[in-house]
Structures are given as structure tokens and as C-alpha cells.
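Okay, thanks for coming, everyone.

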Amino acid sequence: MHRLFVLPTILINAVIIVIPALFTVALAFFRWDGISAPVFVGMANFHALWGDRVFWTALGNNIIWTALFLTVPIGIGLVVATMLLVARRGAMFFQVIYFLPMVIATVVLARVWQGMIYSPISGVNGMLQRMGFPTLDPLTQPSTALYGIATVDLWHWWGFLCVIFFAALRQVPQEQIESARIEGASFWQMMRYVLLPGIRPTITLMMIMTVIWSFLVFDFVYILTQGGPAFSSEVLSTLAYRSAFYDLAVGKAAAVAVVISVFGLAATAFYIRVQGREFEQ
Amino acid sequence: MKLIESRATLVLTYAALVFLLLVTLFPLALLLLNALKPSAQIVANPLAWPEAFRWDNFTRAWSDARFGRTMLNSATLAGLTIVLVCATSSLTAYVLARRKIRSWKILTFYLLGTTTAPIQLFLFPLYFGFARLGLVNSVVAVSFVYTALWSPFAVMLLRTYFLAVPKELEEAALIDGATPWQVFTRVMLPIVSPGILTVALIIGLYSWNEFLIALTFLQRADSNTAVVSFLLLSGQYSSDWGEIMAAALLLTLPVIVLFILLQRRFIEGMAGGSVKG
């Protein structure tokens, strides 16, 4: 009887995710335009990727992205969460505002940044230029496009981490904090020896999720630059998308998807181990 | 808890917090401000107060982005997805929380695993499969895709609500001769309804804002969601930023109002779902 209860979830999940995912893995070894019959080509798609400069740029960008998001937003989130703990009064109000960008559609946020801030015509950037500052639109420069996108993502993202860390910090046992205070711990010692170790599981989990999400990043890149200029801000997910739907090279797209998954796999294993432990209780 | 007494530290802390508040709100303030301005005034100075309020930005945005049609599509899609996710996930969450089946552990790991799968890993065969079956441009088909994507999240969140229900309630009902189905619908569901409401809110929000799947599967003009028609508008008329910001505001306002009214639920649902597991 209870087996029937879980059937709808499993069925939908299998039909939409698992079966097509298996097809993708198989397609990575075929040449296919999405219409005619697929042709088996062995490792040719992967060989082609190996020699493709755009692929390496995209992979590099995903790694930069991961490094950036493992440090900056987690750092800001932790510091601000502690500041909320110190401030106490108004903490709830601050955290609601910090969280606000998370509920707004990425398309909207991307267009606001693009048109109102970065744009040399309609944005704050253009105003600065007219006032004589030598600012550039970061999205149009190959060397800065990725960071221009990352700034937008980071701006909308850190508040989420801050809220999570703040919630975790409030769970740190009161006695530990009291006894540290009685022994005369300074604020930084408190951070280092009581608060941070107290929320270590949460930090670990967020770092694992960051690695996974960093290899999935798509929306902001696709909307802001489409991977340009000259593929300088291409990431693996936009490369796969473009290959499949613009170039109709579904086999190549599948190969890229497999690469993304391989990178996420180690992190996923950690994630399941960490989360699974909680289920045992 | 009191961490520091020093007044200077407290002042500095508040200064930093307010600074970040302004950083967070600045782009959103620009959105609000420029939605009311004529394009020429935005180009002159995006920071200036509107000289004359241009309410027609909104009417033009509404018709150019075809929001009458596309917002209806978005709402239908969100509604269908909410019903599907809540119905299927509450069943699964109950079974997993109470370990009703022997394979509960494998199923849990399986669901956790699929949450981390990149969309691109299943998108391409799914798209070409849907195309062959004539399911592209079908809002119903997309609601099933969303259900598959987000039900693991919903299951994990609802599971914690089911865990909080005392076992005795269930046992008492069983002794009185209730079937498993009756136990679930009559005893469990009413108690976890706050959890289901939270899930419904979050799923509705995700569905309203979702970009990649909607862009790929709902291409025909009359099946676009509001997010996609906004993207098309901002690409086409890219010079009229007043109109684009007005459209952005129309798209965002319902979400912000809901968020402000029900902030606790949103934050607990979105942050809790990924923390507690």
C-alpha cells in the first residue's frame, strides 16, 4: 500500500529526469542533429571537445566561478551573519532585505543591472563616463565579462547564505558562548573557537552546494552576455545549450552535459553523505 | 546573547549593515524609479527623480509584453505545478518520514541525487522527445517537468513536518480501523497543512520565476510565460528602458508583495529546505 504512495513521485522523476539523463549519456557517443537518425561516433565528441578552445575557456570559467563563490559570498555571508548576531536589534529586518533579491526573477535582476547600472547609455556607468570617469561596461570587455556577471549573481546570492548562517549561529548552544565569555574570550576568539566550529556542518554543506551550483550556472550568463564577447564568459551549461539548440550538435551538447555531471558527481557524493547522515537519526 | 559591550563596535556594525542594505536596495530602487520615467530622462540621468510620472510606461509594457496572455500562462503553470508537487510530495514525504517502505533509504539518496543533476543532463533528449510527442508549447507538460525538478526539495521539506507529528496519533487511528489512506488524508494531512502551504508558496515562486525550461519548451507566442515575454520585450525594444523597467515592475510586484506579507514562510522554506534536508 505505502509503495503506491511513492509511485507518482518516482514515475515523474524517472520519466523526466532519469530516462532522458541515460539517453544523454548514450547520445554523447553519437552524432545527432535532433531530427535524423543518430550516428555512432565513439569518443569523437569528447575528442572534439578536447581540441575545442571554447570548451577549455568554459571549463576554466566554471572553475573560476567555483573559486569565486566558495570564497566571496560565503565570507560575506559569515561576517554579516555574525554582525547580525552582534546587532540583534533589527536583525530580522536586515535579513529580510538581504534576502529580497532571491525572490525576484533572474531575468529582471539581469536586465536591471544591464540597463540601469552597466549600460554606457542608460545606466549609472554612462553617467560616470559623462562625468569623466574612465569606467567601462564590464559586460562588453572579454577580460571582465565573467566578473561583471558574477557581480550580479553574487549581489543577489550572498543574502541567502547570510540568512542560513544567521539561523545556524542562533543554534550554537548558549552555554558554550557563556563559558567562553567568562574565560574572557575576545570577539575574534569567540568567532574562531566557538561560533565557526559550532556551525561547521552548515558551512560544509553550503560549500558542497556551491561547488554543485557553480557548475550549473546558466541564467545570468545566458541573459547578460550569451557567453560573449568572443566566448570569453562562456560556461559549460551555456556551451551545451548553444550546441544543442543553435548548432543542432546534440551529441556534442550531450558530451558537455556529461562533463558537467562528472564535475558535480564528487560533490554530489559528499552531499548525499552529509545529508544522508541526518536521515539516519 | 550579548557578544560585545563596546559602543563603538556596535556603531560600526550597524554602519556596515546599513551600507549593505543600501547596496542590496540600490538596483531595486533604480528599477522602481526608472519605471516611471520617459526613456530620454533615463538616458540623461538614471538616478534623478522623475520630472513627470509616465504611467503610460505600464500600459505600453502590459500590451507589448502581452502580459494579459503570458501572465495567465505563468499563473496556470504555477497553479498546476503547485497541485502536482504538493499532491505527490506529501505522499512520498510521509512514507519517508515514517520509513513505511524498506527501500526508504535508497529512495532518499536517489531523490537527493537528482536535485544536484544539471538540467542539461536531461534537457536535450527530453526536448526532442517532447517535440516528437507534440508536447512542446504545452503548459501541462512543463508543469510535469517542474514537478520532477522540485519535488525532491518539497519531499525533504515536508518530511520534517511529518516527523514532528506524534506517532501516537497515527497508531490510535490505525487501532480504530482506519486504512493507511485514511490515516494519511484524515490524520496526517491536516496537521502538516502549514508545511504544505509553505511548499506551495515556494514552488509557486520558483515556477513564476523559472527561466531555462520555460524558454526552451514554451516558444510559441501564445504559450510564453511572463518571464520569457519580458525577456523578448527587453531584447526587442532595448532602447526604451522606461517601458522595460515598467514591465519588470509588473512582473515583480506580486512576488514582492507576497514576500513582504509572508516573509517568514518564504525564508524558512527556501533557506530551511537546503539546510535541514
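So, contact here means heavy atoms within 4.5 Å. By that rule, the contact takes 101 residues from chain B and 99 residues from chain A.

Quick housekeeping: this is a predicted model, where local features need pLDDT of at least 70 and side-chain atom pairs count only at pLDDT 80 or more, while totals for chains, interfaces and linings use all residues. Residues are numbered from 1 along each chain as its sequence is written, chains are lettered from A and ligands numbered from 1 in the order in which they are written, and side-chain values use heavy atoms, with hydrogens and water left out.

Back to the interface. About 9,100 Å² is buried between chain B and chain A, and carbon and sulfur atoms give 77% of that. Buried area is the accessible area (1.4 Å probe) that two parts lose on being put together, summed over both. On the side of chain B that touches chain A, the largest share, 17 residues, comes from helix α1 (residues 7–34) of chain B. Helices, by the way, are DSSP runs (H or I, at least four residues), numbered from the N terminus.

Now zoom in on B:Gln120, in helix α6 of chain B. B:Gln120 is buried, at 2% relative accessible area. Buried means under 20%, exposed over 50%, and partly exposed in between (1.4 Å probe, protein chains only). Leaving aside neighbours within four places in sequence, B:Gln120 is in contact with several residues, among them A:Thr24, A:Phe218 and B:Leu212.

Next, the rings. Phe, Tyr and Trp rings (for Trp, the six-membered one) pair if their centres lie within 6.5 Å; planes under 30 degrees apart are stacked, over 60 edge-to-face, and the rest tilted. Over all chains, the structure holds 43 aromatic pairs. Take B:Phe53 and B:Trp55: their centres are 5.9 Å apart and their planes at 20°, so they're stacked. B:Phe53 is partly exposed at 41%, and B:Trp55 is exposed at 55%.

B:Phe130 and B:Phe217 have centres 5.4 Å apart and planes at 70°, so that pair is edge-to-face. B:Phe130 lies in helix α6 and B:Phe217 in helix α10 of chain B, so the pair ties together parts 87 residues apart in sequence. B:Phe130 is buried at 9%, and B:Phe217 is buried at 0%.

Technical notes:
Helices (H or I, at least four residues) and strands (E, at least two) are DSSP runs, numbered from the N terminus.
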